[in-house]
Amino acid sequence: MRIPFLAVLIFLLALPSPGQAAMVDETEIDIQTREIAKTLRCTVCQTENIWESGAPLAHQMRDVVRERVTQGQSAEEIRAYFLSRYGDYILMEPPKRGMHWWVWLGPFALLLIGGFLLYRELGRWVAHTPAPSTEDLTPLDEESRRRIERELHSGP
Amino acid sequence: MTRGTQLTIGVILFGLLILFIQGLGGDPRSIPTVLIGTQAPNFVGPDVESGDPISLSQFQGKVLVLNFWASWCQECKVEHSNLLKLHDRFKDHPNFDMLGVNYQDQVKEAQAYLKVFGSSFRHVRDVKGALAIDFGVYGVPETFVIDQQGVIRHKWIGPIVGDPYTYLTEKILTPLLNQTTAST
């Protein structure tokens, strides 16, 4: 009874998984379609790209991308087509031109401004904080020193 | 913290707050279309009722109202009586025509919809959705006005009711048709 069970198990493990099958079957057109579709926004769901979206419009857009890839159009030509129909909104990444530069450079600018303000404020605090005077420090008395040593050497 | 630093932080936070509030109100309807002033893409598709081919070139030289709709769309039902009213108002003008585009729908359901709600103009099926993408459609209903030269002059996302209906008829169609009357 054990041998047939093991044989079945080995046979099942030897079978390619659906994931492997999909990877093996993925053509160059599939790969290009996926890469382009990932850069285009689903206009219905807004936060998803058309590759990941389950909306019917996204599905149709994927079909259009695939059709154009099959016709031999480049990724840039296909993106330009969608851009001509929907405007910049269709792109998952804002284009690096015009006012869109604010989106790309804004976080770095804020980081720089914030860093500069923090540096300046810390400098001011340091400058206005008086250094501790060594004259005010009283030497450790013998009893305190012994107590510290005792506590350091005692177990937890 | 100096007054200057406080002011700078305040201005930055206020700017970010404004951007955040704007983002919350983000609506595709408010996104300006890039198609206004461009040539309308040509298309060919089957008539919803007869199956005969309909193409944009058949409407050459006319002011065309192109309305995207679907039988499953609730807002399309809301605007349907207005579409019929609009067609009835302008149908006698020789340079006016109207075409419905049935979007993401089953032909039987589209036919049943037209039977129930009535239809006085033709409707073309967007079989693969490619026509909607060509026109940069986000969803239904959406309405376009194409002038005599085949240029897209107006786009409205949402039902043609209330102010959008008045704007479409008085500010868009009437002047366009008056121009065509004057030029012919």
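Trainee: How much area is buried between domain 1 of chain A and domain 2 of chain A?
Mentor: This is a predicted model. Carbon and sulfur atoms give 51% of the area buried between domain 1 of chain A and domain 2 of chain A. The area itself is about 310 Å².

Trainee: Which residues of domain 1 of chain A lose the most area to domain 2 of chain A?
Mentor: Three residues together account for 93% of what that side buries. They are D88(A), L91(A) and E93(A).

Trainee: How many Å separate the centres of the two domains of chain A?
Mentor: The assignment gives domain 1 as 25-93 and domain 2 as 95-124. The contact takes 4 residues from domain 1 of chain A and 4 residues from domain 2 of chain A. Taken over C-alpha atoms, the centres are separated by 33 Å.

Trainee: Which side chains meet in a salt bridge?
Mentor: The rule finds 1 salt bridge across the interface of domain 1 of chain A and domain 2 of chain A. A pair counts within 4 Å. Here the N to O distance is 2.9 Å, and the side chains are those of D88(A) and R97(A).

Trainee: Why is chain B described as more spread out than a compact globule?
Mentor: Chain B has 5 helices and 7 strands. Its C-alpha trace spans about 75 × 40 × 30 Å along the principal axes. For 184 residues the globule rule gives 16 Å, and chain B is well over that, so it is more spread out than a compact globule, with a radius of gyration of 21 Å.

Methods: Residues are numbered from 1 along each chain as its sequence is written. Chains are lettered from A and ligands numbered from 1 in the order in which they are written. This is a predicted model: local features need pLDDT of at least 70, side-chain atom pairs count only at pLDDT 80 or more; totals for chains, interfaces and linings use all residues. Side-chain values use heavy atoms; hydrogens and water are left out. Domain bounds come from an automatic or database domain assignment. Contact means heavy atoms within 4.5 Å. Buried area is the accessible area (1.4 Å probe) that two parts lose on being put together, summed over both. Helices (H or I, at least four residues) and strands (E, at least two) are DSSP runs, numbered from the N terminus. The radius of gyration is taken over C-alpha atoms; the globule rule is 2.2 Å times the number of residues to the power 0.38.
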